[in-house]
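Reader: I would like to go through this model feature by feature. Please give the general idea each time, then the case at hand.

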Amino acid sequence: MLFNVDMAKANKDIRYGLSNEQRAIKLIQQKMCEILGKDVKVKKMKYGYSVLDYYVEGENILIELKSRRSFYSDYPTQMIGKNKVDYANRKIIDENYKVYFFYLLKNDNGFDFDLYYKRHRHTDEYRLTRLGNYARGDKPCDIHLINNSDLELVGTIERKIVLIKSRPQFKCQRKKTVA
């Protein structure tokens with residue numbers, strides 16, 4: 001089967017994820033400070049194609065952030081790529097890392113976002129399935145489904161309304177021509 005990825009939709013999804021990373025990073029930072037009981041710095045992975053998104057500087061902690069256009073209540077589970085879970089398991093078992101999965105979902109008001117998280121453990125069992133983003137033509141891949149009941153609400157991120165002043169309207173006046 002041939003898949004034709006809609007690059008316009010794929011790029012739109014990438015932009016959506018990047019803008020939401022900027023929204024969520026402060027709350028992720030606060031949560032990690034709370035979990036560890038000290039000030040820490042959450043940093044973006046240096047490589048654009050890293051399996052997970054962030055790490056905590058000076059700690060063996062990795063973080064993945066998934067941004068969704070759905071509400072928490074739209075689905076009973078949240079998706080994460082099998083490749084990400086497999087990578088997380090290797091880091092936990094081989095290098096004694098801790099891994100956290102964060103999900104940024106639309107708030108019930110439809111405007112703000114709610115941030116949820118789960119500490120992943122290599123013993124966690126998720127339902128494995130095969131799905132693709134058919135709206136943009138992606139080929140199906142293996143994903144895990146994490147139950148919403150396993151996620152904990154971190155907090156709400158309020159979107160700021162930016163008012164753009166409109167430009168003053170000028171009327172064009174025609175020059176009168178004299179014959």
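Reader: Which residue in β5 does Ser67 stand opposite?

Author: Ser67 stands opposite Leu104 in β5. Strands here are DSSP runs of E of at least two residues, and helices are runs of H or I of at least four, both numbered from the N terminus. Two strands pair if DSSP finds at least two bridges between them. β3 and β5 run parallel and are joined by eight bridges. This is a predicted model, in which local features need pLDDT of at least 70 and side-chain atom pairs count only at pLDDT 80 or more, while totals for chains, interfaces and linings use all residues. Residues are numbered from 1 along each chain as its sequence is written, and side-chain values use heavy atoms, with hydrogens and water left out.

Reader: How many bridges join β2 to β3?

Author: Two, and these strands run antiparallel. Tyr54 has Ile63 in β3 as its bridge partner. β2 and β3 make a hairpin with four residues between them, and Gly58 in the turn has a positive phi of about 80°.

Reader: How many residues of β3 are buried?

Author: Buried means under 20% relative accessible area, exposed over 50%, and partly exposed in between (1.4 Å probe, protein chains only). Nine of the 11 residues of β3 are buried, so the strand is largely enclosed by the rest of the structure.

Reader: Which residues have the most contacts inside the largest nonpolar core?

Author: A nonpolar core is a set of buried Ala, Val, Leu, Ile, Met, Phe, Trp, Tyr and Cys residues joined through side-chain atoms within 4.5 Å. The largest has 19 residues, and Ile28, Met32, Ile63, Leu65, Phe102 and Leu115 have the most contacts inside it. At least two residues of this core come from each of α1, β2 (54-56), β3 (61-71), β5 (98-106) and β6 (113-120). α1 gives the largest share, five residues. A second, separate core has 16 residues, including Met45, Leu52, Ile80 and Ile92.

Reader: Is Lys91 buried or exposed?

Author: Lys91, in helix α2, counts as buried because its relative accessibility is 14%. Contact means heavy atoms within 4.5 Å. Leaving aside neighbours within four places in sequence, Lys91 contacts Leu62, Asn96 and Tyr97.
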